[in-house]
Amino acid sequence: QVRLEESGGGLVQAGGSLRLSCAASGRTFSMTYMGWFRQAPDKEREFVSTIRWEGGNAYYADSVKGRFTISRDNTKNTVFLQMNSLKPEDTAVYYCAGRSSAARSTGLLSEPVAYDTWGQGTRVTVSS
């Protein structure tokens, strides 16, 4: 079993930056992808970015391309999301998600069902 814990959320003005961290513990050797989703009030959870644990291939939602960067530190079992040029519409709870080698879903990596482990979320608020 893998446990994920996010940190780094907070309040920032539009145009500012934040860096989110997601620390994984437990059976981390089983992880294949780790990603970030977000959920704004009264909206569905949406894909932000994901990264392949071995190899580092990264994918982004169109809404964050060029502004957000995902990275990982395998030695610390941690994934980061550097968020620059933040906009009020980026306001949401950000969730870290992990897909293990045991995951049975064949969903796309941009779909929540593709991930079998979730963190508790960290809130990001961008003021205008």
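Which residue forms a salt bridge with Asp90, the closest N and O atoms being 2.9 Å apart? In this predicted model, the partner is Arg38. The two residues come from distant parts of the chain: Asp90 sits in the loop between strand S8 (78-83) and strand S9 (92-100), Arg38 belongs to strand S4 (residues 31-39), and 52 residues separate them. Asp90 and Arg38 are both buried.

Asp90 also forms a salt bridge with Arg67, where the closest N and O atoms are 2.8 Å apart. Because Asp90 lies in the loop between S8 and S9 and Arg67 in the loop between strand S6 (58-60) and strand S7 (68-73), this pair ties together parts that are 23 residues apart in sequence. Asp90 has a relative accessibility of 1% and therefore counts as buried; Arg67, at 11%, also counts as buried. Both values fall under the 20% cut-off for burial. The two pairs belong to a network of salt bridges that links Arg38, Glu46, Arg67 and Asp90.

In total, the structure holds four salt bridges. One of them joins the side chains of Asp62 and Lys65, with an N to O distance of 3.3 Å. Here both partners, Asp62 and Lys65, are exposed. Side chains of opposite charge can pair when their charged atoms come close.

One disulfide is found in a search of the whole structure, formed by Cys22 and Cys96 with their sulfur atoms 2.0 Å apart. The link of Cys22 and Cys96 is left-handed, with -80° about the S-S bond. Since Cys22 lies in strand S3 and Cys96 in strand S9, the pair ties together parts that are 74 residues apart in sequence. Both cysteines, Cys22 and Cys96, are buried.

Strand S3 (residues 18-26) also pairs with S1 in the antiparallel sense, over six bridges. In this pairing, Arg3 stands opposite Ser25 of S3. Strand S1 (residues 2-7) has two faces: Val2, Leu4 and Glu6 make up the covered one, while Arg3, Glu5 and Ser7 make up the uncovered one.

The largest nonpolar core has 33 residues, and those with the most contacts inside it are Met34, Trp36, Phe68, Leu81, Met83 and Tyr94. At least two residues of this core are supplied by each of S1, S3, S4, S5, S7, S8, S9 and strand S11 (122-127). S4 gives the most, with five residues. In soluble globular proteins, nonpolar side chains tend to be buried together. Leaving aside residues up to four places away in sequence, Met83 touches Gly16, Ser17, Leu18, Leu20, Arg67, Phe68, Tyr94 and Val124.

Thr50 was examined as a polar residue of strand S5 (residues 46-52). Thr50 has a relative accessible area of 1% and so is buried. The side chain of Thr50 reaches the backbone oxygen of Met34 at 3.2 Å. Beyond residues up to four places away in sequence, Thr50 touches Tyr33, Met34, Gly35, Asn57, Ala58, Tyr59, Ile70, Leu109 and Tyr115.

Methods: Residues are numbered from 1 along each chain as its sequence is written. This is a predicted model: local features need pLDDT of at least 70, side-chain atom pairs count only at pLDDT 80 or more; totals for chains, interfaces and linings use all residues. Side-chain values use heavy atoms; hydrogens and water are left out. Buried means under 20% relative accessible area, exposed over 50%, partly exposed in between (1.4 Å probe, protein chains only). Helices (H or I, at least four residues) and strands (E, at least two) are DSSP runs, numbered from the N terminus. Two strands pair if DSSP finds at least two bridges between them. A polar contact is a pair of N or O atoms within 3.5 Å; within protein, one must be able to donate a hydrogen and the other to accept it, and residues adjacent in sequence count only if both atoms are side-chain atoms. Contact means heavy atoms within 4.5 Å. A disulfide is a pair of cysteine sulfur atoms within 2.5 Å. A nonpolar core is a set of buried Ala, Val, Leu, Ile, Met, Phe, Trp, Tyr and Cys residues joined through side-chain atoms within 4.5 Å.
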